[in-house]
Amino acid sequence: MKTNSITRKFEKMLRLDVTYTDHIENLKITGDFFLDPEETLDQIVSELTGVAVPIQKDILLRETRYILDSNKAELIGITVEDIINTLEEVTQ
Amino acid sequence: MKKFRMITFTSFNAFTNMALDEAIMEFVRKGISQPTIRFYGWDPSAVSIGIFQGVRNEVNLDATKAAGVDVVRRLTGGGAVYHDRLGEVTYSLIAPLDMFPTNIIESYRVICDDIIFALKELGIDAVFSPINDIIVNEQKISGNAQTRRNGILLQHGTILYSVDVETMFSLLNVSNQKISDKLIKSVQKRVTSVVDQTGASMEDLQKALVMGFKRNREIEFGDYTDQEKSRAQELVKEHFKNDIWTYRL
């Protein structure tokens, strides 16, 4: 099992703390970004927890975008791509 | 146009300040309280963190404890802020969402324009810096944060009156990456204050902010209701002073 953290500056800061084996065991997404409604972040974390490592970026991008769309959510300061690219980086 | 209640500057502890915002949101949503603009300070000094921030990542908890500085998690996004007891004015604007632009950045701009007007009254030439800052010559003088819940908008923000950067950065864990990205060599040069810019007093700043927020709104001065104060004390216990909330990330 590996534990890794990464902080990246986009328009706002994003930090991922990940514990993973051949899949993501635990994920924490933090930062000074804005997300409306805020509860959407819990759904994104839930969706990304348990996925196989190495991650399949295209699938995760699509699924994360779907969560935002279905919640009519607005993510400001970071993008879905930022989250998934950083997740790929932190699990490499 | 709906009339706003304006509550003049009063200081509370961090937990009560955040709980009052949430309590007023609840009562505005129920139609019991008017849309509200409140000005306040923080006593004792405090650090507030954004709703998505990790408290241990952002705050030097040993330093805040040693200094008697409270730590509270906000309802809003954005970054960690040091609220000096004597060094800032904080405002909250709480109103039905339909009174403001749907676009989040535009709604920030509308409200921040009132602060920019106030600073101009004091001779400070400030501009809105999206997403959520007001800057003077590239230095931040005001940070703002917003949440929208159940049809109600809450925007709160700080206007730095004087800034004790050494204390501020002894309490906050500031990312080196964030600093280098902004190409600013010294952390101290990232922020400025009313005192740095002009000889205005704290009272002058408070008066200017009242003018700024009044200029495009129908206002009547008021106070917190007993219901709001009572609900705020419940929320302090249930929520803002509860470690499950503060340390959840």
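Student: In this predicted model, how many bridges join strand 3 of chain B to strand 5 of chain B, and do the two run parallel or antiparallel?

Tutor: Strand 3, residues 46-49 of chain B, is joined to strand 5 of chain B by three bridges, and the two strands run antiparallel. To follow one such link, find V47(B), whose bridge partner in strand 5 of chain B is Y82(B).

Student: What is the order of the strands in the open sheet of chain B?

Tutor: Two strands count as paired if at least two bridges are found between them. Here the open sheet has three strands in the order 4-3-5 in chain B, and the pairing is mixed. Strand 4 (70-73) and strand 5 (81-83) of chain B are the edge strands, since each of them pairs on one side only. On average, neighbouring strands of this sheet are turned by 25° against each other, with direction ignored.

Student: Which strands of the sheet does helix 1 of chain B touch?

Tutor: Helix 1, residues 14-29 of chain B, packs on the sheet and touches strand 3 and strand 4 of chain B, while its direction makes about 20° with that of strand 4 of chain B.

Student: How many residues of chain B are in contact with chain A?

Tutor: Contact here asks for C-beta atoms within 7 Å, and 18 residues of chain B are in contact with 18 residues of chain A. On the chain B side, strand 9 (139-149) and helix 6 (176-181) each supply at least two residues, and helix 6 of chain B gives the largest share, three residues. By type, the residues of that side of chain B divide into five nonpolar, ten polar and three charged.

Terms used
Residues are numbered from 1 along each chain as its sequence is written. Chains are lettered from A and ligands numbered from 1 in the order in which they are written. This is a predicted model: local features need pLDDT of at least 70, side-chain atom pairs count only at pLDDT 80 or more; totals for chains, interfaces and linings use all residues. Two residues are in contact if their C-beta atoms, placed from the backbone, lie within 7 Å. Helices (H or I, at least four residues) and strands (E, at least two) are DSSP runs, numbered from the N terminus. Ala, Val, Leu, Ile, Met, Phe, Trp, Tyr, Cys and Pro count as nonpolar, Asp, Glu, Lys and Arg as charged, and the others, Gly among them, as polar. Axes are lines fitted to C-alpha atoms, for helices over the stretch in contact, and angles run from 0 to 180 degrees between N-to-C directions.
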